Structures are given as structure tokens and as C-alpha cells.
Amino acid sequence: MLRSKVSLILIAGAMAVSAPAFPQEENPAYKNEASVRALGSFVKTTTSNGVDTMSVDPPAPSRALALYLASAAQGDPWSAPNGAILEIDAYLPRLGEEGHLRAIRAWAGNKTPEYQVIDLDGDASVKQQVIARYLNAEQEAAAMPASSFAITQANYKFRYAGSSGGTPVYAFHITPRKKRSGLINGELWIDGATGVLIHEAGYLVKRPSIFIRHFKIVRDVRLQNGTPFIRTTQIDIDTRLVGRAELTITERPCTCERSKAIPTQESRK
């Protein structure tokens, strides 16, 4: 029991470090096509402030990336002050333990997320050591400077990878400019019409602990009338002590009001 509790704490620590790296339910049609078609050539350019960028010929992918970067600087529907219905499913396959949370996430005046539980069930260790710690990781991430972890030209290099058929979706490989905690090596899929980021996937470039072998995160957004409607995040952590830990976090924007926030780990101490 002690061994499993220590491992769960390490898992939570990894989540706390990685949470700010992503400022999005599955889109199978995009997933099957976006990574297999290479289009255009790459031309390396340098902006007036010395930051390298990647331009693409033809210009449509470059325009989609510019739309995304411009909208990302203005926040997203999942951050303050926008509320959301939050569902978390956590599972530890080797231990056979799992837990589920459904809650309302609202934002206090200081832009700190607070939670009202609608439903919470499962194994006590998963609820206390994984789900509760994930909520605390969200709060810690909200307190950190977004510019340090955001997927922007200041933190990442972008390389065009390909496009989908039908509705235009453009894929880009991203690599951090520096090997820093919280940054990922992975890919982005951007909706060509709106510049909305509909898919992110990657792994941490710097392990938060020697007890963590691998940390992978996949985030997808489903659009409704061109607007983000559902965001699903899947986290897969491979630990040295208890094997894999799997989390699925589903978010739906809502205008519901929080009546009473649940206590976080810090407030229970």
C-alpha cells in the first residue's frame, strides 16, 4: 500500500509539471490523414526580434498557423473566466483501481479554478491521490505565467507536416527551443478555416522524476458550428513502481454557476 501511494504521488507531481504545456473527443478523419501528406517546401525566415519562424508554400497552412497564434494570444474557452463541466476518469491497470469525477469548474476573482462536485466515485486512493491532485495541478498551472509554457513561436519551432482531405486541416510538428520542464515534442492539427487547434499530441522532453519512464498527452477538440464544443485530454504515464496510469479529462463549456467549491488538497492540510 505504501508503495502504491508513493507512486501515485509521483504521478500527480508529473501532472503538476506538465499541466501548463497545453493552453483539446477524437477526430478520426483528421487523425488518419493529417500526418501522411507532405505538401509544400520550407523556407526559414527570421523576424525583427531574432525569432526563427517557418513559412510554407503554398500559403494556406501558413495562414492557418498565423490564425492559431493570433487567437492563442487571446485565451481560449477553457480558461478564465469561462466555466466548464469537467469529467475525469482515472485508471491504474496494474492495481485494478479507478475513479470518476464530474464537477463544475468556475473561476474565482483571482483567476484560480474552483470546483463543485456533482459526482465522485471509485477507489479512495485514486480519488485522493490522482483526481484530487490533478485538480490541484490545474490550480498551480493557472498561477504560473502562461508565456513560459504556451505553444508559441517564442517557445517552439514549427515544421509543416501535411494536410487532410475534405475540410482543410493542417498538421505541424513542434519542437521546444530549449529542453525545459513542461514543454513537449509533438504535433498540432489546426483547422484551416478558423485557426482553432483541434488536436495536440506529444511527450514531455524533460522527465519530471526518475520514477517516470514516459509521459504522453493527447488533447482533441470537437467543433460545433466552428466553435470549440468538447475538449478531451488523455494522459498516459508509465511509472517504474506501479506501471501505467491513465487519465481522461473531458471538458464542456457551460454558463452554470458554482454554488460551493470543493476543498482542494492544499486547503485540507
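**Notes on the ten-strand sheet**

1. The sheet here is open and has ten strands in the order β5-β4-β3-β12-β11-β10-β9-β8-β7-β6, with antiparallel pairing. Strands are DSSP runs of E with at least two residues, numbered from the N terminus, and two of them count as paired if DSSP finds at least two bridges between them. The edges are β5 (113–122) and β6 (156–163), each pairing on one side only. From one strand to the next, the twist averages 15°, with axes taken as lines fitted to C-alpha atoms and angles running from 0 to 180 degrees between N-to-C directions.

2. Before going further: this is a predicted model, where local features need pLDDT of at least 70, side-chain atom pairs count only at pLDDT 80 or more, and totals for chains, interfaces and linings use all residues. Residues are numbered from 1 along each chain as its sequence is written, and side-chain values use heavy atoms, with hydrogens and water left out.

3. Now β3 and β12. Residues 83–92 (β3) and 243–254 (β12) pair in the antiparallel sense over nine bridges. If you want a spot to look at, alanine 90 has leucine 247 in β12 as its bridge partner.

4. Next, β10 and its two partners. Strand β9 (residues 197–204) runs antiparallel to β10 (residues 212–224), and five bridges join them; alanine 201 is bridged to valine 218 in β10. On to β11 (residues 227–239): twelve bridges link this strand to β10, again antiparallel, and lysine 216 has aspartate 236 in β11 as its bridge partner.

Technical notes
Helices (H or I, at least four residues) and strands (E, at least two) are DSSP runs, numbered from the N terminus.
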